[in-house]
Amino acid sequence: MWRNRAAFRLLNIKLVPGAAPQKLENRGFKMMASSATATASNMDSNTRGQSTAAAKSLNVKELRQASTAPPSFNIAKMTELLDHDNHEMRKQFREFLSSDDLFIPRYNVSLADEREAALQKLQRICDAKFISVLDFKNNPLRIFAAHELSGIIDGAMATKMTVQFNLFGGTVLKLGTKRHHDKLLAGIDTLEDIGCFGLTELGYGNNAIEMETTATYDKSTQEFIINTPTTLAQKYWITNGAIHAKHIVVFAQLYVDGKHYGIHGVLVRIRDDNMKVMPGVRVEDMGYKIGLNGVDNAKLFFDNVRVPRENLLNRYSDVAEDGSFTTSIESNRKRFLTVADQLLSGRICIASMSQGGSKTALTIALRYAATRLTVGPKGQSDTPILNYQLQQRALLPLLATTYAINFGLDYVKDRWAFQKEDGSEHQEVVTMCCAIKTLAGWNLHDVASTARERCGGQGFLACNGLGIAIASAHASMTAEGDNCVLMQKVAQERLMAFTTLPVDDGKKEDLSDVTYLHNLLKKRENTMFMTLGMKLMAAGKDGRFDTWMYKESDLVQGAARAYGERLVSERFAETISAADASCQDILQQIYHLYLLTVMERNLGWFVTSGTMSVDTGAKVNAAAADACRVIAPQTLNLCEAFAITDSMLSAPIARDWVEYNVRDNQGEVI
């Protein structure tokens, strides 16, 4: 209805030659329906006929091709660069996900059916052997590749995957010994033995070290007694627990002969082979959530449940038959950090899933923008909204950020997977994992929300996939460490190990120079951490907590983000230098836009701190807009490099949305 001049006159909008009305594509919900209906009824019948004919002749595929310049780079080489590892496995996995209708989403389904579908999808992937818990030993990067590609298809299924293979399976593998491996590892891979990770309690999330669940050793029977003493001690948000799991690793305070030995992991059977809940175990289904309802979350209670002594995961600590306790890790806190270490690889899994979501949402939104026509310079619906600066400025900085985080995440994966066995790099790796998980999750949030808005009413339809991306972003920002709390850890760890980064104080202010922009990121990180350190020193030991938690939260968060964004920038620059020659120019342009995007988001700080002059700061917005304009012709080629097939995307607006609407589809894609 917005395509005719009568409607524009009704809204008192003037069509200025050469200037597109940049705010119109946002009005997809027909907010002025009654007036527009009256206008439409008075439209000239010839105009209506022409509009109908135009709609019939709209060829989405041809429009997409017309909106795409010939690639300025080798797309296959860019895909190889983005994929980073396990190239043949990724190729085969994409083909597999594209060949089975099971992986096409359904929307009008019951809670029970949604959960069953998530399990069936994961089962199909396991049957095809695209993931194994033993990958953590043999090929850890394969685990992360499976998570990224699964995150494109179904966030709920990917969540069940990460709990089964990383949190549950990885914990059994790394904290257990042969007696546990022989019983469970094969069944973990086949889903014969689905499990849960029982760390979080109702009253204890980020402060899990204070949890209340107990595991008390009974020498007379050589059993551990697992007990939930209070309401706050119930295990909470336990993925796979409501319906599908047989096992759980219960993290509990260990007591032997009245002495406390800190938190340990104990295997507890919660269902028998007929899926009947075990005696003494109470399972409560948590029901509907705001998204990812294919995940069966539960609350679990244990009423003095007895398990054999051998169920203690005993790689680092053990209890003998006579109750004697031995350990290779002396302090309770260090033991907790060790038994919870699987959260670290879990953060990389979540970052990988977030990247899959960001790539998908961007591809959907940009493909649609290339084919959605609205008013051009001549007042006719002949201009793709992707041509508008409004659309480019909203989406292209997010595309650049997604590329940047990809290269930062690849580096963190390698550092985690191949760190020195002596543990000398571990603390640095912990900091990196926390930072990249938060940046990837926040980026997915920005991508999904912006893409939804820029796709107008189409973005609000479930079948177009952006609602799923929004829900996945919120899960990512909370699961395995609240993002802001993780950033507190990043700031703390970085501050303890901080040394000033070398900077060039004589660098000429030049917004076209990426080395100048990266130098600013290093200056910001130096300034923020030095300021934070001085404030804590001034507060003294007694005032440290108040300063950190009550007075300088913005500085803490800012310093952590400064570290993460500098790290990502650093890795982007290194990646360009090693990339295929055909890709280097476009990567340099994307890198430039990423850096300008960071400047724009933090412009107030850069100018008020004196790190950037007011005159230069005034030019940042225009420089970023120019950078978007440079990249715009290659936008769909850059999305093509993500190698997400049409079947994997499934969203009608990313495919042929005209053909999709020929029939009564009821909002389903199958």
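## Cavities

This predicted model holds 3 cavities of 30 Å³ or more.

## The largest cavity

The largest cavity has a volume of about 100 Å³. Its lining is made up of 13 residues. Closest to the centre are Thr 401, Ile 405, Arg 561, Glu 565 and Arg 601.

By class, the lining residues of the largest cavity are 6 nonpolar, 3 polar and 4 charged.

## The second largest cavity

About 70 Å³ of space lies in the second largest cavity. Leu 175, Ile 263, His 264, Leu 313, Arg 315, Tyr 316, Ser 317, Arg 335 and Val 339 line this cavity. Two elements supply two or more of the lining residues: strand 6 (259-269) and helix 12 (332-339).

The lining of the second largest cavity divides into 5 nonpolar, 2 polar and 2 charged residues.

## Confidence

Mean pLDDT for the chain is 91. Of its residues, 91% reach 70 or more. Residues 1-56 have pLDDT below 50. In the model, this stretch makes 57 contacts beyond near neighbours in sequence. Where pLDDT is low, predicted coordinates should not be read in detail.

Methods: Residues are numbered from 1 along each chain as its sequence is written. This is a predicted model: local features need pLDDT of at least 70, side-chain atom pairs count only at pLDDT 80 or more; totals for chains, interfaces and linings use all residues. Side-chain values use heavy atoms; hydrogens and water are left out. On a 1 Å grid over the protein atoms alone, a cavity is a set of points where a 1.4 Å probe fits but cannot get out, and a pocket is an open set with protein on both sides within 12 Å along at least five of seven lines; lining residues have an atom within 4 Å of a point. Grid points are joined across faces, edges and corners, and a volume is the space filled by probe spheres set on the points. Ala, Val, Leu, Ile, Met, Phe, Trp, Tyr, Cys and Pro count as nonpolar, Asp, Glu, Lys and Arg as charged, and the others, Gly among them, as polar. Helices (H or I, at least four residues) and strands (E, at least two) are DSSP runs, numbered from the N terminus. pLDDT is the predictor's confidence in each residue, from 0 to 100. Contact means heavy atoms within 4.5 Å.
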